Amino acid sequence: MIDILIDSDNRVIDHLRLSVTEKCNLHCCYCVPETATIQQELSVAEIERIAKLLFSIGVRSVRITGGEPLMRSDIVEIIASIYQIGFDDVSLTTNATLLTNINAHELLMAGLSRINIGMSSLNATRYNSITKYHLTAALTGIKIATEKFSDVRINVVMVDGFDDHEFEAFRNYSNLHDVTLRFIEYMPVFGAATATRFDLWKKLQEFGAKKIAPLFGQGPAEYYLVPGFNKPVGLIFPIHKKFCSSCRRIRLSSAGELRRCLFDNQLLDLHTLMNVQTSLEIVQSIKAFIKGKPSEHSINKDTNLGYSMAKIGG
Ligand code: SAM
């Protein structure tokens, strides 16, 4: 019989968001607080051991994130070791600025199936003011990603200053480069910036957008067909369109802390448990912990949790 992870709301948990580092070469105002301190990172062997345990209890897909995962010199090894366990889907979230033809090829060969790219602006000045980095590096990375991978999605967190020009620029960009766009509602986390006043819903209505069935399995995005856009447009609105009742995710920080929700103030320290418990005991601890996954996030109450998105892995 296949073992499964299930919480007390009967949600099956089969997706892992795996942060491999807190470090990032960008300092996005919505993500990395200026005061970030870096914890010890799990080794490849430790990541592999935890991934194997989670696979044995039904986790089937892994999204690798950070910080910036490409900051780890052993990222190809990490992906290969996870892929070889047998997960159905191993994907990566990156800012794309460190992608090269060489590492993109190695990531593909290691078993990476697709790439999500975080992009906050297509305007060079605004991109630089949000990220403290240069837009050309991100655009080069996206080009490389689309040449190597058939499934590339651009995640646009809408922060203050997002406007009609940005909306149009992203539309033209997505049509030209054949990438899927997903607009993400800004979440007010520790150390982060402020939300946009741009009313995306109103804009999509003006365009005559029509909601369609979920495009990519059971992820959080809702998809719309929008006249003028060649590809369906994804919307991820964790606050105004909560998707907690269908959440199948758990998160592992780069230091080995398991969380049941982005806004979960409890954690299970798997790094420590690996030194004091057998694999069977760790699995029992994980199952008991997952039972208590919060029914819904408390983002409106707990916006100052003491950790940033970069720390927990967005
Ligand atoms: N460095 C990679 C990147 O830039 O995509 C991966 C890490 S980053 C924490 C992962 C994603 O989290 C970002 O692409 C962005 O979509 C999301 N994110 C970060 N801060 C956010 C915030 N305050 N609100 C909503 N989404 C956020």
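How do α3 and α5 lie, oblique or parallel to each other?

I'm working on a predicted model, where local features need pLDDT of at least 70, side-chain atom pairs count only at pLDDT 80 or more, and totals for chains, interfaces and linings use all residues. I count residues from 1 along each chain as its sequence is written.

**Entry 1, α3 and α5.** I looked up helix α3 (residues 101-110) and helix α5 (residues 135-148), and they pack at about 40 degrees with axes 10 Å apart. So the two are oblique to each other. Oblique is what's left once angles under 35 degrees (roughly parallel), over 145 (roughly antiparallel) and 65 to 115 (roughly perpendicular) are taken out. Asn101, Ala104, His105 and Leu108 of α3 meet Ile144, Ala145 and Lys148 of α5. Contact here means C-beta atoms, placed from the backbone, within 7 Å.

**Entry 2, α2 and α3.** Next I checked helix α2 (residues 75-83), which packs on α3 at about 15 degrees, with axes 8 Å apart. That makes α2 roughly parallel to α3. From α2, I noted Val76, Ile79, Ala80 and Tyr83; from α3, the partners are Glu106, Leu107 and Ala110.

I then turned to the ligand and found 20 residues around it, with Asn95, Gly118, Met187, Met309 and Gly314 the closest. Being near means a C-beta atom, placed from the backbone, within 6 Å. The elements giving two or more residues to this shell are β3 (89-94), β5 (152-158) and α10 (309-312). Helices are DSSP runs of H or I with at least four residues, strands are E runs with at least two, and numbering goes from the N terminus.

Terms used: Axes are lines fitted to C-alpha atoms, for helices over the stretch in contact, and angles run from 0 to 180 degrees between N-to-C directions.
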